[in-house]
Amino acid sequence: MAKKNAKSKGAQPATIARNKRATFEFRFDEKIEAGLSLMGWEVKAIRAGKINLSESFVQMKNGEAFLHNCTITPLNTASTHVICDPTRPRKLLLNRRELDRLAGQVERQGYAIVPISMYWRKGAWVKVEIGLGKGKKAHDKREDIKQRDWAIEKARMMKK
């Protein structure tokens, strides 16, 4: 029997951070994987887990997509010679066709682009999963809470 290693094709990417609030606030119609343009001190801080996606959003500007309000707290040891801005806008790496389609959806149909999660791809590349969706109404959120509570209750009953 062959050993399964972490670098096999079926391996799940290692999650860095997840924006749980985004899945509660928005209903996503489409999810896209995007690369992220980072500096060296940011990569070191991400490896240490010093990242927060909870207040972040994606904004289109001059035909490019930027991730705003994503807080990466600098490490004291890694950023001694650089002036660090923890909330600077970071460029998302998408191809032109994806950028044009996202811009069209946002402008014409009122969609929002929100980061859902950040993870490592192939060990060294930081990727961001962004979702294209619309905000949920209050009754939709209550329905999600009911579904989650029922799933927990059902699991308790099946356990006994």
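Met60 has Ala65 of strand E5 as its bridge partner, and this pair makes a friendly place to start. Strands E4 and E5 run antiparallel and are joined by five bridges; two strands count as paired if DSSP finds at least two bridges between them. The names come from DSSP too: helices (H or I, at least four residues) and strands (E, at least two) are DSSP runs, numbered from the N terminus. What you are looking at is a predicted model, in which local features need pLDDT of at least 70 and side-chain atom pairs count only at pLDDT 80 or more, while totals for chains, interfaces and linings use all residues. Residues are numbered from 1 along each chain as its sequence is written, and side-chain values use heavy atoms, with hydrogens and water left out.

Stay with E4 and E5 for a moment. Together they form a hairpin with two residues between them. Asn62 sits in the loop between E4 and E5 and has a positive phi of about 55° although it is not a glycine. Most residues other than glycine have a negative phi. Asn62 is exposed, with a relative accessible area of 74%; here buried means under 20% relative accessible area, exposed over 50%, and partly exposed in between, with a 1.4 Å probe and protein chains only.

At the other end of E5 comes Asn69, in the loop between E5 and strand E6 (71-72). Asn69 also is not a glycine and has a positive phi, of about 60°. Its relative accessible area is 36%, so Asn69 counts as partly exposed. Strand E5 itself is largely enclosed by the rest of the structure, because four of its five residues are buried.

Now follow the pairing onward from E5. Strands E5 and E7 pair in the antiparallel sense over two bridges, and Leu67 has Arg90 of E7 as its bridge partner. Strand E7 (residues 90-93) is in turn joined by two bridges to strand E2 (residues 26-36), again antiparallel.

Contact means heavy atoms within 4.5 Å.

Where does Gly35 lie? Gly35 is found in strand E2, and it is buried, with a relative accessible area of 7%. Not counting residues up to four places away in sequence, Gly35 touches Lys91, Leu92, Leu93, Val126 and Lys127. The C-alpha atoms of Gly35 and Trp125 are separated by 7.7 Å, although these residues are 90 apart along the chain.

Ser117, in strand E8, is buried as well, with a relative accessible area of 4%. Leaving aside neighbours within four places in sequence, its contacts include Ala17, Arg18, Lys127 and Val128. Lys20, by contrast, belongs to helix H1 (residues 20-25) and is exposed, with a relative accessible area of 64%. From Lys20 to Ile116 the C-alpha distance is 7.4 Å, across 96 residues of sequence.

Finally, step back to the whole chain. Its secondary structure comes to four helices and nine strands, which run β-α-β-α-β-β-β-β-β-α-β-β-α from the N terminus on. The C-alpha atoms fill a box of roughly 60 × 55 × 35 Å, taken along the principal axes. Buried residues make up 31% of the 160 residues in the chain. Among contacts between residues at least 6 apart in sequence, 68% join residues at least 24 apart.
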